[in-house]
Structures are given as C-alpha cells and as structure tokens.
Amino acid sequence: MPRWLIEDGIGETRAVLVEDGEVLAARLFLPGETRAGAVLEARLVARQSGSRRGTVRLPSGEDALIDGLEKSASEGALLRIVVTRSAIREGSRIKRMQVRPTDKAPCPPPTPREELERDGFPVEQVRRFPDDPWPELVLQALDGQIPFPGGTLLVSPTPAMTLIDIDGALPPATLAMAAVPAIAACIGQLDLNGAIGIDFPSLERKDDRRAVDTALAAALDHWPHQSTAMNGFGFVQLVARCEGPSLLHRVHNDPAGAGARLLLRRAEAVSEPGILLLGASSAVRAAVRPEWEEELARRTGRTLRWSVDDSLALGGGFAQAVAS
C-alpha cells in the first residue's frame, strides 16, 4: 500500500508518496504560506459591478480574489473567508490567492500531515527518505527535462498552463505511446495540477490518436481530472483541481531558493567530523537566509564555512567536512 513519508527540512517540509520503492507523488510545503483551507478575516476593497466577485485584502496586506459574495456585501465590509487556492508565482507575475466567504471559525491551514492524510494513505515522519529520491526530483524540476526510453519530456510552467512537450527519434505513434508512462509519473512526482497541455507528435491516423487517449486515461485513472481527446495536431489538455503551486512551479520560479534548500539538506546529512564547508554559486549563497544558516548550525552542531563558485549550477552545490 502506498504511504506518505515526511521530512522536516530547513526552510521547507518535503513529502513523497512511495510504494515498493517507487515515488508516486511528491509535495513541497514552505513555512508561513497562507494555503488552501485557512480561514481568516479580510476586508472587501473592490466589488465588480453586477457580479459576485471582487477583491479582498488580508491582514498581511496581500490581496485575494473572492467569489460567491452576497448581494449585501459592500466595499469596506469585513468578511470571514476561506482560502481555496494559494497564490502562485509565475516568473515576475503572481496569480493572486482565491477565496470564498465562509461561516467557519478562523483557523490556520491544515498542517502538511493533515493535508496528506486527506489522500487516505498512511503518513510517516522520517529523518531521511530511503533511497533518497529528493535531489533527483528537484533537479528534474530545475532542468525541466525528464528522459524516458526513446525520448525526453520537456516540462515548463507558463501563465496559461503547464506544458509537456515530447521529443525523440522514434516513429511518431511509437514515441507517443512510449511517453505515456513518463507523463503519468511526471504529473505525480512534480505535483502538477490545474491546466496541463501535452504536445504529442502529430498522428494522422484516428486509430493511433484513440490508442494514445486510451493509454493515457488508463495511466491516469487514479488521478481526478478531465481530459480532451487528442486533436489532429497531437495536443491533449488535462484539467485538475488546483489548490496551490506545484513542485515544478515552486522550483522553477525560485531556482536559487530551491538550490539553497537542497544544499542545506545535503549539508545536514554530512556525517564526517569537522567544519562544514558549503560550496555554491553566488545566487544560491544569497538565497540562504540567516535563520536557515542558524538552523543548520544548530542541527549539526558545527561551524559553517562558505566557498562561492559561480561555475556551480544552481542545483550543484556541495557540502563536506574539512579540518579546522
């Protein structure tokens, strides 16, 4: 039976859903975020004329889009709201949080454990993931390239949707079918959600297109979503519930921060005695917050030393013990 494993890292909480050594899904939680399920007070600052929609301002000063307003709700009113989708950063743009009015009592968002338990699988806290899949997951999200036998998936978040392109030298129908298991794995492992566009090779024969549609539906039958049939240009669109940014979004839109947290995770695992030397690019070094350094020093009981090298990739930092 699948089970969720949770690691409490520095600056993040990580989770993987595993079964028989295979990673079926992954989640990344960042502290301090106002995530889906949080209930709080907000002030209605703008209302669309003749609509149940508008904009509210949270106590933090962040604006959110609200739907389901009562006719009597007027600008300036204080409302009780529940977050249905947290804010999603896309490059320089931020998709604002989405909320709805509620009668529930104010409460924080569910903890990572509570959120994972909603999937119905056992949840276990661990110090370190067995067979450690996390670095590969982060590096795949950073790179956006996922190899499979016969080709490569190119995965990229855009303002409209997450796009999955398929590249390879196999015959088009063979390549399309070979990509299906990799697409299903990628959706779970990178926590993809919302609108997803898949650009398969163009297939002239309707029978070939139907075969891919059937294979994709079977591979994703465990995942609640809607799907279009493949069109004549090989394009398929999937739509699934979105409550916040995917692992791909989090890593792709803050690559230096992702690299910094991955480096701290490597550093925490160093077992040899000595001063802890961390090597990173200047962008990753700048992304390491002072409180993260303090937490690493506290967890390891070591003095830290830095080596900045801009030839290192964002995900290519190193940590090792050195003599004082």
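Is Cys 242 buried, exposed or partly exposed, and what is its relative accessibility? Cys 242 counts as partly exposed, because its relative accessibility is 23%. The cut-offs here are under 20% relative accessible area for buried, over 50% for exposed, and partly exposed in between, with a 1.4 Å probe and protein chains only.

Quick housekeeping before I go on. This is a predicted model, so local features need pLDDT of at least 70 and side-chain atom pairs count only at pLDDT 80 or more, while totals for chains, interfaces and linings use all residues. Residues are numbered from 1 along each chain as its sequence is written, and side-chain values use heavy atoms, with hydrogens and water left out.

Okay, cysteines. The structure has 0 disulfides, a disulfide being a pair of cysteine sulfur atoms within 2.5 Å. Cys 186 is in no disulfide, and the nearest cysteine sulfur to it belongs to Cys 242, 15 Å away. Cys 186 itself counts as buried, because its relative accessibility is 2%.

Next up, helix H4, residues 206-219. Helices are DSSP runs of H or I with at least four residues, strands are runs of E with at least two, and both are numbered from the N terminus. H4 has 14 residues and goes 20 Å from its first C-alpha to its last, close to the 20 Å expected at 1.5 Å a residue. That expected span is 1.5 Å times one less than the number of residues.

Which residues of H4 are buried? They're Arg 209, Val 212 and Leu 216. They cover an arc of only 60° around the axis, so they sit on the same side of H4; the arc is that of the directions from the helix axis to the C-beta atoms. The face turned away from the buried side of H4 carries the exposed residues Lys 206, Thr 214 and Ala 218. As for what covers the buried residues, that includes helix H3 (172-189), strand S15 (194-199) and strand S17 (235-240).

Also in H4 is Ala 215, which counts as partly exposed because its relative accessibility is 21%. Leaving out residues up to four places away in sequence, Ala 215 touches Met 177 and Val 180, where contact means heavy atoms within 4.5 Å. Val 180 is 35 residues from Ala 215 along the chain, and their C-alpha atoms are separated by 6.9 Å.

On a 1 Å grid over the protein atoms alone, a cavity is a set of points where a 1.4 Å probe fits but cannot get out, a pocket is an open set with protein on both sides within 12 Å along at least five of seven lines, and lining residues have an atom within 4 Å of a point. Points are joined across faces, edges and corners, and a volume is the space filled by probe spheres set on the points.

There's 1 cavity of 30 Å³ or more, and the largest cavity holds about 50 Å³. Its lining includes Glu 12, Leu 28 and Trp 134. Helix H6 (255-268) and helix H2 (134-143) each supply at least two residues of that lining, and H6 gives the most, with 4 residues. H6 is largely enclosed by the rest of the structure, because 12 of its 14 residues are buried.

The largest pocket has about 1,100 Å³ of space. It is lined by 38 residues, and those closest to its centre are Trp 4, Arg 27, Asp 119, Asp 191 and Trp 223. Strand S3 (22-29) is one of the contributors, and S3 gives the largest share of the lining, 8 residues.

Most residues other than glycine have a negative phi. Asp 191, though, has a phi near 55°, a positive value in a residue other than glycine. Asp 191 is in the loop between H3 and S15, and it counts as buried because its relative accessible area is 17%. Asp 20 also has a positive phi, near 55°, and lies in the loop between strand S2 (13-19) and S3. Asp 20 counts as exposed, because its relative accessibility is 78%.
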